[in-house]
Amino acid sequence: MGTQFWYCITLLLLIIAKGVTGATFTFTNKCDFTVWPGILASAGSPKLDSTGFELAKGSSRSFQAPTGWSGRFWGRTGCNFDGSGHGSCSTGDCGSSQLECNGAGAAPPATLAEFTLGSGSQDFYDVSLVDGYNLPMIVEGSGGSGTCASTGCATDLNRRCPAELKVDGGGACKSACDAFGTPEYCCSGDYAYDDASSTFTCTGADYTITFCASLLPSVKSATDSSSQTTDGSGSDSGSDLLASSLLADLAAGDSTRAQPSMALRSMLVLVISLALSFSQL
């Protein structure tokens with residue numbers, strides 16, 4: 001009886017402690033180059049231990065965020081900072097002229113990860129291309145309950161960015177809204193809408209934000225994983241269709257959707273195979 005009582009008390013304390021500490025965000029750089037992540041807390045949310053830092057190739061760094069925290073993350077590229085931390089970046093620059101962003105957000109184009117941590121309830125998160133694209137980014141939850149789907153864009157859209165959207169140097173791809181400013185691309189006026197399917201939920205999880213994650217079964221793709229590469233090299237009809245879908249989302253400012261189930265992927269592969277068979281008859 002006494003053992004069960006203390007077990008329940010310990011479990012309750014762990015649950016309470018998890019609710020107080022919020023979540024751990026771990027940034028991992030799998031790119032072949034250094035990335036300088038930026039962090040912007042929403043109004044009313046406290047700053048994390050850093051608002052901008054250097055993340056070398058193959059390295060990781062973690063931050064603790066309190067319950068109820070809300071904000072966004074992104075990666076800066078092509079940065080040059082002197083010994084005192086003064087400088088700027090080619091993409092995702094936050095305009096602070098420093099390594100730390102100090103409350104400033106990313107200059108478009110930049111791939112964004114957005115979070116709102118629940119207070120004893122669900123967390124909400126997404127990867128958004130509404131401000132354009134500069135880096136592949138994946139968000140994965142661990143240790144939580146609920147759907148907790150991974151989301152993000154693992155494809156290098158800079159390689160297939162249309163000339164009208166490509167920034168000088170090819171290091172980023174503008175959103176069509178930023179490039180053209182028309183209502184149909186900016187989701188304004190008669191075109192205004194909210195895309196609930198692009199926001200994900202989880203409860204009590206920690207999160208890993210990975211730059212340049214390998215192209216394992218894509219969180220955006222409905223194609224067979226065997227047709228995808230892990231290094232971004234080569235080209236086939238599957239990867240071209242995936243890139244076209246992602247670029248269409250970029251044009252509309254859409255964020256990525258959840259990974260389809262194995263059954264759905266298998267069904268799609270079967271349908272495609274049958275269609276190809278009939279086309280050869």
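A nonpolar core, as I use the term, is a set of buried Ala, Val, Leu, Ile, Met, Phe, Trp, Tyr and Cys residues joined through side-chain atoms within 4.5 Å. Buried means under 20% relative accessible area, exposed means over 50%, and partly exposed is in between, with a 1.4 Å probe and protein chains only.

Some ground rules. This is a predicted model, in which local features need pLDDT of at least 70 and side-chain atom pairs count only at pLDDT 80 or more, while totals for chains, interfaces and linings use all residues. Residues are numbered from 1 along each chain as its sequence is written, and side-chain values use heavy atoms, with hydrogens and water left out.

Confidence next. pLDDT is the predictor's confidence in each residue, from 0 to 100. The average for the protein is 78, and 66% of the residues score at least 70. Strand 2 has the highest confidence, at 98, and helix 5, residues 262-279, the lowest, at a mean of 43. Helices (H or I, at least four residues) and strands (E, at least two) are DSSP runs, numbered from the N terminus. Two stretches have pLDDT below 50. Residues 8-20 are one of them, with 8 contacts in the model beyond near neighbours in sequence; residues 215-239 are another, with 49 such contacts. Contact here means heavy atoms within 4.5 Å.

Now the core. Which residues of the largest nonpolar core touch the most other members? They are F25, F27, F73, F115 and Y207, out of 30 residues. At least two residues of this core come from each of strand 1, strand 3 (60-65), strand 7 (112-116), strand 8 (123-128), strand 9, strand 11 (200-202) and strand 12. In soluble globular proteins, nonpolar side chains tend to be buried together. Take F115: leaving out neighbours within four places in sequence, F115 contacts F25, W69, S70, G71, F73, F124, Y125, V139, Y207 and I209. Apart from this core lies another, of 8 residues, including C153, C161, L165 and C173.

On to the strands. Two strands count as paired if DSSP finds at least two bridges between them. Strand 12 (residues 206-211) pairs with strand 1 (residues 23-29) in the parallel sense, over 5 bridges, and T208 in strand 12 stands opposite T26. Strand 12 also pairs with strand 9 (residues 137-142), in the antiparallel sense and over 6 bridges; there Y207 stands opposite G141.

There is an open sheet of 5 strands, antiparallel, in the order 2-4-7-8-11. What are its edge strands? Strand 2 (36-41) and strand 11, each pairing on one side only. Strand 11 is joined to strand 8 by 3 bridges, running antiparallel, and C202 in strand 11 is the bridge partner of D123.

Last, two loop residues. C31 is in the loop between strand 1 and strand 2. Is C31 buried or exposed? Buried, because its relative accessibility is 2%. Not counting residues up to four places away in sequence, C31 touches K57, L135, F211 and C212.

G146 is in the loop between strand 9 and strand 10 (151-153). G146 counts as exposed, because its relative accessibility is 65%. G146 and G204 are 58 residues apart along the chain, and their C-alpha atoms are separated by 9.2 Å.
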